[in-house]
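User: Could you take a close look at one part of this model for me? I'd like the side-chain contacts that tie strands and loops together, with the cut-offs spelled out.

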Amino acid sequence: MIIKPIHIILIVFMFAFIACVDDYWPKLDKYEDLLVIDGMISNNPGPYIVKLSISSKVDNPKNIPLTGATVIIGDQEGNNEMLSETEDGTYLTSPSGILGIVGRKYRIEITTLGNKKYLSPFVEMKNPVGLDSVYALTEYKQSDEHIHDLAGYQFYLDTKPSEANKNYFLWDLIATYQYMADFKVRYVFNGALATFPKPDSLQTCWKTYKVQEIFTSETGELENPVIKKFPLCFISTETRELSIRYSLLVKQYTLSISDFQFWNSVRKQNDDQGGLYTNQPYQIRGNVSNQDNPNEPVLGNFTVASVTEKRIFVDRPWLLPMYYPVCEITEVDIENFATIYLSPPQSWPVYATITLGGTPALPNQECMDCRKNGGTIEKPEFWTDY
């Protein structure tokens with residue numbers, strides 16, 4: 001799971017674990033020029049990704065990749081791999097390189113161009129716990145921003161039983177949905193006006209995104225180490241996400257207690273700060289430290305986790321009201337069609353449609369070209385229509 005190190009404005013949190021977890025906030029002379037690490041190794045095939053960056057000033061946040069570092073992932077058996085920097089601050093293992101194996105312990109070693117050496121402790125990759133089911137229920141939620149309650153799908157999951165009494169989980173969600181533009185393309189202007197040959201070819205799209213919420217839980221206090229009806233994301237009918245078909249991929253990471261404490265703190269911080277982790281003036285210290293200066297704050301975490309995953313599809317909830325905006329052709333759109341000839345070359349191609357009566361019109365491009373709303377007309381390989 002990779003958190004983008006963009007707009008990282010930093011005030012540091014540390015952990016002191018004495019019987020239970022206590023929070024400690026150290027005083028810092030400055031908040032910039034701190035190493036930020038975000039990486040993971042799992043039992044899924046690689047490549048594994050590690051992102052390194054340098055924190056910036058509170059009043060001038062920016063993304064500062066850490067380039068030129070030597071990054072090595074290794075296990076206690078002596079297997080090591082040096083990662084390749086594929087772009088500034090992003091380091092990858094080879095697809096055929098080191099592989100996470102359940103039961104082994106892994107760590108990361110980082111050496112900067114300034115010869116600073118950072119190291120994480122060896123962390124064991126725990127046995128994966130299976131996902132029994134992921135499902136959606138239609139629900140309504142109150143909203144202070146709308147005059148009506150939000151209608152939509154609330155997603156839940158159940159885990160499978162585990163042999164271990166205590167399990168620590170992190171869930172990562174990837175969503176994909178199908179949607180349509182409201183009108184077909186009838187004309188295209190590329191310096192000259194022509195009839196568009198495939199009117200519906202730009203009408204249907206699929207869009208994939210990462211759910212930004214962080215979900216964590218544990219079975220340490222449960223007599224039966226099974227989690228039932230754990231709430232995930234809520235998707236409302238305020239957008240087109242549920243307008244046709246929606247898919248949710250749930251990745252369940254089984255963590256060590258130390259990695260869980262890191263991600264659980266991130267989750268709590270997200271809850272307190274409205275879920276905008278990468279834009280908040282806080283980051284949490286993880287498990288990487290400077291070998292020559294242990295007191296140097298290092299932000300982020302190198303996570304060792306086993307993973308299981310499950311994908312589900314849900315169709316449009318026909319019994320729920322839909323509130324997403326719909327394009328309508330106005331008199332202004334009809335009048336604007338004559339201005340299509342004035343479109344500058346940098347805006348080509350420009351698409352136009354027709355009214356039910358056959359009159360040409362020039363509404364907003366996203367009303368005809370679904371790609372303008374961030375999707376692609378290429379159907380994903382995993383997608384099913386039933």
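Analyst: Here's a walk through the aromatic pairs, the charges over rings, the salt bridges and the strands around them.

A bit of bookkeeping: this is a predicted model, where local features need pLDDT of at least 70 and side-chain atom pairs count only at pLDDT 80 or more, while totals for chains, interfaces and linings use all residues. Residues are numbered from 1 along each chain as its sequence is written, and side-chain values use heavy atoms, with hydrogens and water left out.

Let's start with the rings. A search of the whole structure turns up 16 aromatic pairs. For a pair, the ring centres of Phe, Tyr or Trp (its six-membered ring) must lie within 6.5 Å; planes under 30 degrees apart are stacked, over 60 edge-to-face, and the rest tilted. One of them is W171 with F230: the centres are 4.5 Å apart and the planes sit at 35 degrees, so this pair is tilted. W171 belongs to strand β15 (residues 168–180) and F230 to strand β20, so the contact ties together parts that are 59 residues apart in sequence. Strands here are DSSP runs of E with at least two residues, numbered from the N terminus. W171 is buried at 0% relative accessibility, and F230 is buried too, at 14%. For those labels, buried means under 20% relative accessible area, exposed over 50%, and partly exposed in between, using a 1.4 Å probe and protein chains only.

The next pair is F196 with Y351. Their ring centres are 5.5 Å apart and the planes are at 80 degrees, so this one is edge-to-face. F196 lies in the loop between β17 and β18 (204–210) and Y351 in strand β25, with 155 residues separating them. F196 counts as buried at 13% relative accessibility, and Y351 counts as buried at 7%.

That brings us to the sheet that holds β25. Four strands form an open sheet in the order β17-β16-β25-β26, with antiparallel pairing. Its edge strands are β17 (193–195) and β26 (360–361), each pairing on one side only. Strands count as paired if DSSP finds at least two bridges between them. Strand β25 (residues 350–354) is joined to β26 by two bridges, and the two run antiparallel. T353 has A361 in β26 as its bridge partner.

Now for charges sitting over rings. The test is NZ of Lys or CZ of Arg within 6 Å of the ring centre and within 35 degrees of the ring normal. R311 puts its charged end over the ring of F382, 3.5 Å from the centre. F382 is also part of an aromatic cluster with W206, F313 and W383. K141 does likewise over the ring of F234, at 5.1 Å from the centre.

Next, the salt bridges. Side chains of opposite charge can pair when their charged atoms come close. The rule asks for a side-chain nitrogen of Lys or Arg within 4 Å of a carboxyl oxygen of Asp or Glu, and by that rule the count comes to 10 salt bridges. Among them, R104 and D75 meet at 3.2 Å, N to O. R104 is partly exposed at 27% relative accessibility, whereas D75 is buried at 4%.

D182 and R240 form another, at 2.7 Å from N to O. This pair links distant parts of the chain: D182 in the loop between β15 and β16 (187–189), and R240 in the loop between β20 and β21 (245–255), 58 residues apart. D182 is partly exposed at 25% relative accessibility, but R240 is buried at 18%. E124 also forms a salt bridge, with K126, where the closest N and O atoms are 3.7 Å apart. E124 is partly exposed at 30% relative accessible area, and K126 is partly exposed at 32%.

One more spot worth a look is G220. This residue lies in the loop between β19 (215–218) and β20 (230–236) and is partly exposed at 22% relative accessibility. G220 and Y168 are 52 residues apart in sequence and 7.9 Å apart in space, C-alpha to C-alpha.
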